[in-house]
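Hi,

Here's the structure I promised to pass along.

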Amino acid sequence: MADLLRLLLRVAEKAANVARVCRQEAPLFQLLVQEKTGDDKNKKFVQDFKTLADVVIQEMIRHDVGVKFPEMADFINGEESNKFENGLGESVTVTVCATEEDTAALLASVLGGDHTAASLLARAIHQDPASIQADTDGLTVPLSPSELGIWIDPIDATSQYIEGREEVLEEGRLFPSGLHCALVLIGVYLRSTGEPVMGVINQPFNYKDPAGGGWKGKHFWGVSCGSINVCSETRPKAGPAGGLSAVLSSSEKPVVKEALTSLCGPDKLMFASGAGYKILCVIQGLADVYVLSEGTTFKWDSCAPHALLRALGGGVVDLHKCLQSSSGAEAELTYHQPRTECKGADRWANHGGLVAYRDCSQISRIIAPLKGKL
């Protein structure tokens with residue numbers, strides 16, 4: 001499955017290019033934003049945004065993977081509905097066509113006849129990205145495409161993407177918000193068990209090129225299948241034996257903030273935007289754990305970074321299941337079964353909240369102060 005990994009790295013970089021193109025024209029970008037409604041609305045946010053960039057990226061990944069691995073085509077799922085309304089109130093189903101010209105014509109109908117913008121987007125969709133440097137040589141994974149499914153989050157932390165605040169990132173430091181929180185997430189899971197086995201994360205807005213001034217991205221990947229655990233990131237060195245750091249959402253429940261402040265100390269409790277970015281902070285060793293007490297993340301948020309954490313010896317577990325049991329082993333998140341009693345996006349929510357960790361010994365330390373409080 002090294003071929004699949006190489007393809008996902010390539011389509012994630014194409015996706016990053018689309019995300020960057022969509023931010024280059026601010027007045028146009030405002031026109032692309034559409035609010036989610038009804039069953040697709042994420043209850044966590046007062047306003048939850050859907051962008052044409054989201055839909056285009058998702059459908060591009062679905063198209064490119066489906067062409068190369070047709071046996072996976074019916075098992076490639078994403079956050080977004082691919083129905084989009086243009087300024088004229090017409091509903092258009094966004095797909096990637098066989099040619100750049102046909103895709104541009106379809107996008108022009110979404111963009112109210114703005115052929116310049118449509119052509120720009122279509123070019124990014126159909127353009128092959130620069131070659132991705134990834135040491136995948138010799139990687140063999142004993143899985144067939146017919147055993148796998150894919151979750152796509154085309155732009156995680158859409159609100160940060162839309163707001164567009166720029167940060168100059170520094171090695172070893174967590175930055176709570178900004179464009180860098182917007183990530184392309186592609187996770188691969190086993191259809192039979194729901195285990196996450198491969199993940200690709202692309203950070204489209206990692207740094208600005210000093211020469212040209214344009215944004216450049218960074219990619220991360222991991223494979224975890226049986227005895228095979230390979231990741232682009234190295235396992236961070238363990239911190240002091242007593243210290244534990246955690247990252248939370250700023251909207252986390254006060255009782256959780258208080259319990260973890262007592263455990264970690266105020267200096268080691270951090271806040272950041274975007275579920276994917278918070279798990280990436282754990283992957284990079286910027287925080288030991290990410291704790292979320294509510295069911296406001298979804299399978300497309302957690303599948304890709306979960307695979308990277310597994311490759312590093314960590315994982316992502318259901319917080320509420322951990323609170324009810326003595327061991328976190330049976331609480332690992334899976335990705336293959338919807339909650340049939342729920343509707344819309346809620347069918348794929350991580351309903352019990354989550355704990356993302358690099359070291360399983362950290363779970364019991366996190367769970368203890370939360371018992372009886374949630």
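This is a predicted model: local features need pLDDT of at least 70, side-chain atom pairs count only at pLDDT 80 or more; totals for chains, interfaces and linings use all residues.

Let's start with two helices. The axes of α1 (residues 2-24) and α5 (residues 115-126) come within 8 Å and cross at roughly 160 degrees. Angles over 145 degrees count as roughly antiparallel, so that is the label for α1 and α5. The crossing of α1 past α5 is right-handed. On the α1 side, the contact is made by Lys14, Val18, Val21 and Cys22, and α5 brings in Leu120, Leu121, Ala124, Ile125 and His126. Sorted by class, that gives seven nonpolar residues, one polar and one charged.

Next, the salt bridges. In general, side chains of opposite charge can pair when their charged atoms come close. The count here is twelve salt bridges, and these are a few to look up:

- Arg165 pairs with Glu167, with the closest N and O atoms 2.8 Å apart. Arg165 is partly exposed at 34% relative accessibility, and Glu167 is partly exposed at 25%.
- Lys208 pairs with Glu166, at 3.1 Å between the closest N and O atoms. Lys208 sits in strand β8 and Glu166 in the loop between α6 and β7, so this pair ties together parts 42 residues apart in sequence.
- Asp288 meets Arg358 at 3.3 Å, N to O. Both are in loops, Asp288 between α8 and β13 and Arg358 between β15 and α11, 70 residues apart.

Finally, find Glu195, Arg310 and Glu332: salt bridges with shared partners join them into one network.

Cheers

Note on methods
Residues are numbered from 1 along each chain as its sequence is written. Side-chain values use heavy atoms; hydrogens and water are left out. Axes are lines fitted to C-alpha atoms, for helices over the stretch in contact, and angles run from 0 to 180 degrees between N-to-C directions. Helices (H or I, at least four residues) and strands (E, at least two) are DSSP runs, numbered from the N terminus. Angles under 35 degrees count as roughly parallel, over 145 as roughly antiparallel, 65 to 115 as roughly perpendicular and the rest as oblique. A crossing is left-handed if the near helix is turned anticlockwise from the far one by less than a right angle, and right-handed if clockwise. Contact means heavy atoms within 4.5 Å. Ala, Val, Leu, Ile, Met, Phe, Trp, Tyr, Cys and Pro count as nonpolar, Asp, Glu, Lys and Arg as charged, and the others, Gly among them, as polar. A salt bridge is a side-chain nitrogen of Lys or Arg within 4 Å of a carboxyl oxygen of Asp or Glu. Buried means under 20% relative accessible area, exposed over 50%, partly exposed in between (1.4 Å probe, protein chains only).
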